[in-house]
Amino acid sequence: MKTQTIKYSNTLFDISKEYNQLQRITPQLESIKTLYKSESSFRLLLESKQIKLDIKKQIIANVLESYEDLVKEFLYILLDNKLTNQLVSIINRFFSLANKDLDNTKIEIITAQNLTKELLESLERKLNCEIQLTINPNIIGGIQLRQGNKIFDNSIVYQLNQLKNTLYNL
């Protein structure tokens, strides 16, 4: 069962990435996960053997009309392969993959003073990522960059602390 979860989540992630739908389908999958966990009628629809497969698909198409086709197809495939009981674990694994990927496309810039809008837009184009600017006057000057769990710190506060530690160890 675990290998199926990995296979389906990896495939969904790869396809969503290939067609640039990762950011669009992630919140939709979150709502499906919430719906599955909180609404017994939705779980019953997906897992019932009394309802014919094509009727299930038609209900899903009507209820999730505004959702991306990729999300609906994903649900249809799970229905076809009788894997709806693994829906939550597949979506959770997909989120794990998506969060790693989305973290790599976001950079937080922390400065003591505001940067111009033109500079930020230029950086976004050159780095091909989304930039979030945070103003923190406590760093005095310089810059801190954060991408995922990686931090580059070239702030004056950091440099002063390094100098203090060096002098303390002398």
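The legends below describe close-up views of a predicted model.

**View A. Salt bridge between arginine 24 and glutamate 68.** The side chains of these two residues, arginine 24 and glutamate 68, meet at an N to O distance of 3.5 Å. Arginine 24 belongs to helix α2 (residues 22-38), while glutamate 68 sits in the loop between α4 (53-63) and α5 (69-80); the pair links distant parts of the chain, 44 residues apart. Arginine 24 is partly exposed, at 44% relative accessible area, and glutamate 68 is also partly exposed, at 22%.

**View B. Salt bridge between aspartate 80 and lysine 57.** The closest N and O atoms of aspartate 80 and lysine 57 are 2.8 Å apart. Because aspartate 80 lies in helix α5 and lysine 57 in helix α4, the contact ties together parts that are 23 residues apart in sequence. Aspartate 80 is partly exposed, with 37% relative accessibility; lysine 57 is partly exposed, with 23%.

**View C. Salt bridge between aspartate 69 and lysine 72.** The N to O distance for aspartate 69 and lysine 72 is 3.7 Å. Both residues are in helix α5, three residues apart, so about one helical turn separates aspartate 69 from lysine 72. Aspartate 69 is exposed, at 57% relative accessibility, whereas lysine 72 is buried, at 11%. The whole structure contains four salt bridges.

View D. One of the members, leucine 163, is in helix α8 (residues 156-168). Leucine 163 is partly exposed, with a relative accessible area of 48%.

Conventions:
Residues are numbered from 1 along each chain as its sequence is written. This is a predicted model: local features need pLDDT of at least 70, side-chain atom pairs count only at pLDDT 80 or more; totals for chains, interfaces and linings use all residues. Side-chain values use heavy atoms; hydrogens and water are left out. Helices (H or I, at least four residues) and strands (E, at least two) are DSSP runs, numbered from the N terminus. Buried means under 20% relative accessible area, exposed over 50%, partly exposed in between (1.4 Å probe, protein chains only).
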